[in-house]
Amino acid sequence: MSVLTPVVATGVVGRVNPVAKLLAAVVLAIALLLSIDWVSAGTALLLEALLLPFAGLSARQLLARTAPLWIAAPTSVVAIALYGRDGGASVVEWGFLSVTEGSLALAGAIGLRILAVGVPGIVLFATTDPTDLADGLGQVLRLPARFVLGGLAGLRLVGLFMDDWRQLALARRARGVADSGGPVGALRRFGQQAFSLLVLSVRRGSKLATAMEAKGFGGDAPRTWARPSSFGLRDGVLVALGVVIAATSVTAAVLAGTWEFVLA
Amino acid sequence: MSTSTPENRSTAARDSSTGFTPKARTTPTRRWRVVDIVIASVIGVAAGVVFWAWGLAYTPIDSVLSFSGGFEGILNGGWLFAGVLGGIVIRKPGAAVYTEVVAAVVSMLIGTQWGFSVLIWGIVQGLGAEIVLAVFLYKSWRIGTVLLAGAVAGLAVGLMDTSFASAAAYAAGSKTIYVVTSVVSGTVLAGLLSWLAARGLARTGALSRFASGRSADARV
Amino acid sequence: MVLPVSGASGGRWASEDGARVTARGWGWRHAGRRRPAVSQLDLDVAPGERVLLLGASGAGKSTLLAGLAGVLGGDDEGDEAGDLLVDGRAPAEQRGRIGLVLQDPDSQVVLARVGDDVAFGCENLGVPRDEIWRRVGHALDAVGLDLPLSASTSELSGGQKQRLALAGALAMRPGLLLLDEPTANLDPGGVVEVRDAVARVVADTGATLVVVEHRVSVWLPVVDRVVVLDAGGGVLADGRPDDVLRAERDRLVDAGVWVPGAAPPAPVRSRTTGELLLTAGGLDVGHKGPKGRAVAGGIDLTVTEGRALAVTGTNGSGKSTLALTVAGLLAPVAGALEATPSFADGAGPSPIRWKPRQLLTRVGTVFQDPEHQFLTATVRRELAVGPEALGASPREVASRVDHLLDRLRLDHLAGANPFTLSGGEKRRLSVATVLASRPSMLVLDEPTFGQDARTWRELVALLAELLDEGRAVVAVTHDAEFASTLADDVLDLSAHARRTDPAEVRR
């Protein structure tokens with residue numbers, strides 16, 4: 001699955017500590033999720049677009065990775081336009097459905113917000129190597145090493161899943177059951193195949209756990225880290241950028257009077 | 001060279017089960033073993049891939065359901081089963097949250113439309129299931145408990161979505177439908193399916209290192 | 001072969017004191033089981049000794065190794081009796097003193113880059129950073145893995161992965177090295193690589209070695225002592241390799257050990273040849289069908305009733321891809337693959353276009369890993385899948401299932417979950433499920449992979465019977481003995497390879 005593998009870090013962003021990327025993305029997401037309005041989302045999106053060239057992804061890669069966003073945004077826009085909170089002059093009405101100026105404005109805001117929250121997340125993580133992220137979480141944020149590395153080991157097993165899935169599909173054709181039952185049958189087969197994959201993965205995971213324990217993992221003795229993960233100026237700058245974008249967006253929305261705290 | 005004689009061997013066989021003093025079988029320790037962490041991660045990662053696929057499939061289904069205002073909540077269970085399954089397989093405090101968070105992170109790394117918010121949602125969803133298991137003091141693993149865990153996770157995500165996500169822009173009627181369908185979805189897709197999956201897993205012997213994989217009384 | 005006796009390399013490692021192993025009445029019973037896996041074990045292994053551990057399946061060899069490594073688990077995972085000590089202390093308190101290498105190459109790789117994976121053990125032991133990378137370099141040299149530290153671990157071959165696991169254990173500077181069937185899942189080239197690496201390492205470091213393996217002749221040059229465990233408890237035989245192998249020959253052969261010099265008897269076959277089933281002319285095979293690039297090309301072969309075709313070749317030459325193509329599961333990249341009219345029986349000449357139910361009665365495929373084929377929760381239901389897919393009546397299904405359970409000696413397992421069977425039983429089950437729909441042609445991918453001598457003999461006998469019944473067999477194998485015993489025709493793919501198939505190299 002090419003989407004699963006991170007892009008080899010070419011741009012400046014590639015060399016930034018993954019923890020910094022994580023923090024920047026968190027701050028931004030939280031700030032934007034607190035309100036649904038087109039000013040905060042739009043400002044953030046604009047500022048992010050200015051920074052995109054530094055990300056180190058080619059235009060084609062960028063488009064490919066953010067594809068889910070470009071599909072999701074229009075769908076949500078439609079849904080909100082039809083069912084969103086109404087306000088202002090009515091544009092169209094038909095039974096349960098009603099499109100008003102208010103719901104249209106909300107729809108636009110949601111669409112922008114999906115992009116504003118989604119793009120940085122995808123871009124930042126497309127350039128992150130999982131092992132580096134684990135090193136960062138363990139050394140910089142000092143999360144328990146057992147969980148961070150155990151999680152990383154589990155993540156690594158994903159690459160093997162794809163081969164197994166193919167073999168499972170071929171085996172089902174060989175057993176004569178690859179095409180029975182129509183769409184319900186297809187769903188059941190998918191479920192069965194997914195279950196078989198789960199069994200194989202748990203067994204492989206158990207063997208891996210034994211191997212890791214035999215290498216001294218999981219004990220209480222203090223561990224060292226072979227690959228240093230440091231938080232330096234460059235990383236601080238990225239986090240600061242995230243904070244700045246977040247703050248600017250919120251301020252702009254408040255000043256424009258469109259800020260609407262979701263929980264109010 | 002020492003070869004055991006026939007007499008030695010038969011005495012040895014007779015004595016073999018008497019040397020073992022089964023220690024008082026107390027509840028397993030609360031501390032996570034390495035195998036707990038790795039299997040929880042495996043379940044989480046596998047679920048994360050399914051979450052990502054579910055998210056892709058969600059969009060066309062959503063566009064159909066979006067003409068029904070709020071019923072897309074029925075799909076929410078597809079993102080909740082990681083926590084419930086992890087919780088009932090590992091049976092240790094924090095398992096539900098951990099597994100759900102790992103699944104969320106993986107689906108986020110692969111790339112979803114919701115970007116980073118998936119992590120926050122994952123924590124809340126995991127907490128929903130975790131709270132139910134904690135209320136029962138991590139001792140009840142009956143199907144009722146599991147269904148309830150799924151239901152509460154569904155409730156949690158329903159409330160989160162109708163407060164912070166796109167569904168927050170819905171009118172009140174649609175919001176209610178959303179939350180209700182989310183609870184139903186959680187109960188069926190996250191609760192029932194997880195229970196069946198865990199039982200199936202135990203039968204294959206894959207969970208022999210877990211309490212969930214060993215029947216309490218029978219010795220094989 | 002001549003192997004270094006000790007320290008001949010000039011002491012690149014500070015000579016590690018080998019660890020001493022002591023077992024006194026030791027036993028272990030896994031939680032939830034009635035019978036113990038090991039019981040009444042008394043054993044002494046002196047520092048620097050090299051021991052080959054043999055015994056029938058179920059004698060507790062893997063449990064003993066896991067116990068020595070300290071990874072059996074705590075109170076909630078089983079009951080212990082007696083003492084098992086390394087250097088006089090419990091193994092679980094001495095992580096890093098004991099290195100363990102297991103059978104499955106894929107399940108021991110922890111991290112994605114070679115250097116990181118080898119460094120993992122050192123990190124856990126708290127070794128300072130500079131020292132870690134020094135040790136990593138030495139360990140990789142010692143096992144002969146000449147790869148950059150950033151090489152991807154998922155693209156290594158089986159033999160390379162096992163050597164990687166060995167390097168990871170080595171970097172911890174263990175005094176006791178435990179190997180649990182390290183070469184069982186490897187091709188012949190990989191087996192030799194790993195054996196040589198271990199021999200070098202043990203000679204350099206003077207560590208104590210305990211190996212569990214059925215392939216005795218591979219390890220004989222390395223070990224100086226053989227211990228045979230008794231399935232009922234305790235030690236059956238213990239002494240110099242030649243003595244034990246001679247004294248316990250029959251019992252060992254029975255237990256499935258490959259005793260050197262005891263060649264398996266060739267099965268009696270009637271060698272009649274029947275009709276032609278399938279022909280291939282100028283066939284190119286690859287993974288992505290007509291749009292893909294060929295892994296092997298220009299292949300001509302025929303599959304005939306009553307004849308066995310063995311497909312051999314080095315790792316990556318496309319053997320498995322060819323097997324899947326011939327079995328109608330992968331589309332050919334180019335060239336012709338045609339079923340004769342009598343074989344196709346109205347389904348069309350191209351196996352890839354046959355519907356699954358049509359494929360079922362014509363071709364039976366046995367995959368390399370039986371677990372990929374299991375669909376149901378009990379052995380009986382597993383056998384019934386094929387006949388039921390063909391729409392047979394319940395009585396017919398039951399009769400076929402019972403017949404197969406009997407023929408393949410699986411009756412006592414009829415209600416068991418397929419995943420809980422032993423390796424040999426799983427293999428028998430996967431062959432049985434294929435036979436349930438009575439196909440004329442059987443395609444097997446590495447049927448003897450990882451199997452002990454006993455299962456090997458049973459499989460060869462079974463295939464000989466099937467050939468005499470008039471079925472055709474196509475077997476992909478790197479087991480030269482299997483090919484020479486059974487094959488009527490041999491196709492060597494090394495000459496046909498177009499490019500290396502990464503999916504195959506990994507095995």
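Predicted model: local features only at pLDDT ≥ 70, side-chain atom pairs only at ≥ 80, totals over all residues.
Me: Which residues make the contact?

Reply: From α2(A) you have A:Val39, A:Ser40, A:Thr43, A:Ala44, A:Leu47 and A:Glu48. On the α10(A) side, look for A:Ile245, A:Thr248, A:Ser249, A:Val250, A:Ala252, A:Ala253 and A:Ala256. Sorted by class, that contact of α2(A) with α10(A) has 8 nonpolar, 4 polar and 1 charged residues.

Me: Now confidence. Which elements of chain B have the lowest and the highest mean pLDDT?

Reply: pLDDT is the predictor's confidence in each residue, from 0 to 100. Chain B averages 80, and 75% of its residues score at least 70. Among the elements of chain B, helix α1 (residues 6-15) has the lowest mean, 40, while helix α3 (residues 81-90) has the highest, 94.

Me: Where does the pLDDT of chain B fall below 50?

Reply: One place is residues 1-16 of chain B, a stretch with 27 contacts in the model beyond near neighbours in sequence. Another is residues 216-220 of chain B, with 6 contacts beyond four places in sequence.

Me: On to chain C. What does the radius of gyration say about its overall shape?

Reply: A compact globule of 507 residues would have a radius of gyration near 23 Å, and chain C has 25 Å, which agrees. The C-alpha trace of chain C spans about 70 × 50 × 40 Å along its principal axes, and the chain holds 17 helices and 17 strands. Of the contacts in chain C between residues at least 6 apart in sequence, 75% join residues at least 24 apart.

Me: And burial: why is α12(C) called largely enclosed?

Reply: Count the buried residues. Over chain C, they make up 55% of the 507 residues. In helix α12 (residues 379-389) of chain C, 8 of the 11 residues are buried, so the rest of the structure largely encloses α12(C). Among them are C:Val379, C:Arg380, C:Glu382 and C:Leu383. Their cover includes α11 (356-362), α13 (394-407) and α14 (423-435) of chain C.

Me: What follows α12(C)?

Reply: C:Gly391 does, with a positive phi near 80 degrees.

Conventions. Residues numbered from 1 in each chain as written. Chains lettered and ligands numbered in written order. Contact = placed C-beta atoms within 7 Å. Helix = DSSP H or I, 4+ residues; strand = E, 2+ residues; numbered from the N terminus. Nonpolar A, V, L, I, M, F, W, Y, C, P; charged D, E, K, R; others polar. Rg over C-alpha atoms; globule rule 2.2 N^0.38 Å. Buried ≥ 20, exposed ≤ 12 C-beta atoms within 10 Å, placed from the backbone.
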